[in-house]
Each structure stands twice: as structure tokens, then as C-alpha cells.
Amino acid sequence: MKRGVCVKNVLLLGDITGRSRVALRMLSCVLEDKGHEVLMLPTALISNTLNLGRHEMLDTTDYLLRSLEIWETLGITVDLAYIGYITGMEQAEKLAVVADALRAKGVPIVLDPILGDNGKRYNSISDDQAQGMKMLCGHADLITPNLTEACLLLGEEYGEKDAEELASTLSGVGCSTLITSAATQESESAMIGYDRVRQEGFAISFERVPGHRWGTGDLFTGLLIDGLLCGKELEAAAREAGEHVAKQLRGEEKSLLPEQ
């Protein structure tokens, strides 16, 4: 494990998947590789990635909340918290209370609203889960949807509004927004963001690497969180994270991505 000058305590709340390095398994791998102390609690235990067609899932809300209560009594503190996969509105409402309590202590909340991709909601995501994610956006400091998820959060048809407008509208609930896979008005692949701290938008163009690797988005999010923990502004952290993901996909850096 690398030990740097910006070692922080990071709380990860999301799904732990039994097969493949994705979700919290990938995030913890990235952040521990950067030297951070990771505190990880599952919102759900999932047997395997949902694309395989069948899976088993266990909701772990009660365990998560009891664990947080114990950590509170033990004096364990965190510098940033991440929320990913949720099981539905009931869990989302409880996580909103957790998020608000952390924010009151100055701990920023990063929310990855896992809902869909390629213009469609994931088959495994229910209306209840989608509404829970939408509600949680109002309790986060930064949300990181892809273009599909940005549209789903706003109830917009995919492709009808440009990403700059979507990012600006999403930030209206009080959070910064980073749409991780969109395009500029010149049709270049880009990350489109709106930084609530600086009160301005930005676009980061990038060249897509052919092929598909599971866990790429989680790798990016982990690197983004590392940048934020080390004091970088959102745009700079996103740019650097994107560059390192591309290098791993091209084989120019040691890759943390699973083979399948």
C-alpha cells in the first residue's frame, strides 16, 4: 500500500458483488492502492454482476446502520463518504439521514446514481430504486451519473437535451454534477460537469478506448475520489482520473480492471 501526504478515511456504502472486481470491491482496491483507509459497508450483497441474467441479493440495511452506530461510539470518523447501489426508497430514506448527519460534520457525500446506461434503465432497477436515487441527490455534495442516468433523474427523454443543460439542472438541488459519459456540442466524447463551489460548468473532452471492461466506471470513481481527497477541484480531479483510466485501458499503466 502506498502512503502519501493526503491519506484519508473513506466510507463506502454500496453493493459488494461476490464475483468480479466491481462496485465496492473496485473502489476499495483503488483507494487502498492510493494509501487511503477504507471503511466499507454493504447496502446489499449480490452474488454476481447483474448482466449474467440471474443473481441472488441480500438487503443489508439493518447491518449497515448498526455498524455505523458502533463506529460512532468507537469514535471512528471519515473524511468523505460514497453512496452507490441502493435497494429501494426505504433504504434511501435511511441513508439520507446518514448523509445529512455526515454533512453536518463537514463530510462531503459523493453519490453514484446507479440506474442505467446506453439510453435505457437497467432491467434490474425498479421504480422504487429509481425514486430512491432521485431523492438522495438532494442529500449529496457531488453526483456522478452517466448521460442515461442524468436523463432518468430528471425524467427527460434520452438525447433530447444537451449534457450542459442536464448538468446545470441537476445541480439545482444543491450538488455539484459530473456527467461521466456525454458529448460536447462539437460531438466530442466528454465529461460534462457543473461545479457548485466555483459556480461554473466545464467540459473535458476525451478519446474513447475501443472495447468494454466491467468495472471501468468504478475505477474512474475511485480515482476521482482520490483526487478530491487530495484537495483537487472537481474539474482537475475528473480530468486526472479520466487520463489514468484511459492509460489502464490502453495498457500503459498497471490495470486494476478485471479480465471479465
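**Close-up views of the predicted model**

**View 1. The face of helix α2 turned away from its buried side carries the exposed residues E69 and T73.** Here exposed means over 50% relative accessible area, buried under 20% and partly exposed in between, with a 1.4 Å probe and protein chains only, while helices (H or I, at least four residues) and strands (E, at least two) are DSSP runs numbered from the N terminus. The model is predicted, so local features need pLDDT of at least 70 and side-chain atom pairs count only at pLDDT 80 or more, whereas totals for chains, interfaces and linings use all residues. Residues are numbered from 1 along each chain as its sequence is written, and side-chain values use heavy atoms, with hydrogens and water left out. On the buried side of α2 are T61, L64, S67, L68 and W71. Seen down the helix axis, these buried residues fall within an arc of 130° (taken from the directions from the axis to the C-beta atoms), so they line one face of α2. An α-helix has 3.6 residues a turn, so residues three or four places apart point the same way.

**View 2. Helix α2 (residues 61–74) is shown with its length, its packing partners and the residue that follows it.** The 14 residues of α2 should span 20 Å at 1.5 Å a residue, and the 20 Å between its end C-alpha atoms agrees with this; the expected span is 1.5 Å times one less than the number of residues. Through its buried residues, α2 packs against β1, β2, β3 (57–59) and α3 (89–104), where contact means heavy atoms within 4.5 Å. After α2 comes G75, with a positive phi near 80°.

**View 3. I70, L74 and I76 make a nonpolar surface patch of about 280 Å².** A patch is made of residues with over 30% relative accessible area and no salt bridge, like charges being joined within 9 Å and nonpolar side chains (Val, Leu, Ile, Met, Phe, Trp, Tyr) within 5 Å; accessible areas come from the Shrake-Rupley method with a 1.4 Å probe, and for residues only the protein chains shown count as cover.

**View 4. Helix α1 (residues 23–33) has A23, L24, M26, L27, S28, V30 and L31 as its buried residues.** These buried residues pack against β1 (9–17), β2 (37–46), β4 (80–83) and α7 (216–229). A23, found in helix α1, has a positive phi of about 50° although A23 is not a glycine, and its relative accessible area is 9%. Just after α1, G35 also takes a positive phi, of about 100°.

**View 5. Two asparagines, N118 and N146, are each shown in a loop between secondary-structure elements.** N118 is found in the loop between β6 (116–117) and β7 (120–121), and has a positive phi of about 55° although N118 is not a glycine; with a relative accessible area of 67%, N118 is exposed. N146, in the loop between β8 (142–143) and α5 (147–154), counts as buried at 8% relative accessibility. Not counting residues up to four places away in sequence, N146 touches G116, D117, I179, T180 and S181. The C-alpha atom of N146 is separated by 25 Å from that of K94, and the two residues are 52 residues apart along the chain.

**View 6. The side chains of E235 and R198 meet in a salt bridge, with a distance of 3.4 Å from N to O.** E235 lies in helix α8 (residues 234–249) and R198 in the loop between β10 (189–195) and β11 (200–205), so this pair ties together parts that are 37 residues apart in sequence. A salt bridge is taken as a side-chain nitrogen of Lys or Arg within 4 Å of a carboxyl oxygen of Asp or Glu. E235 is buried, with a relative accessible area of 18%, whereas R198 counts as partly exposed at 31% relative accessibility.

**View 7. Further pairs are shown from the twelve salt bridges that a search of the whole structure finds.** E156 forms a salt bridge with K161, their closest N and O atoms being 3.0 Å apart; E156 is partly exposed at 25% relative accessible area, and K161 is partly exposed at 32%. In the salt bridge of E240 with K232, the closest N and O atoms are 3.9 Å apart. Salt bridges that share partners join R198, E200, E233, E235 and R239 into one network.
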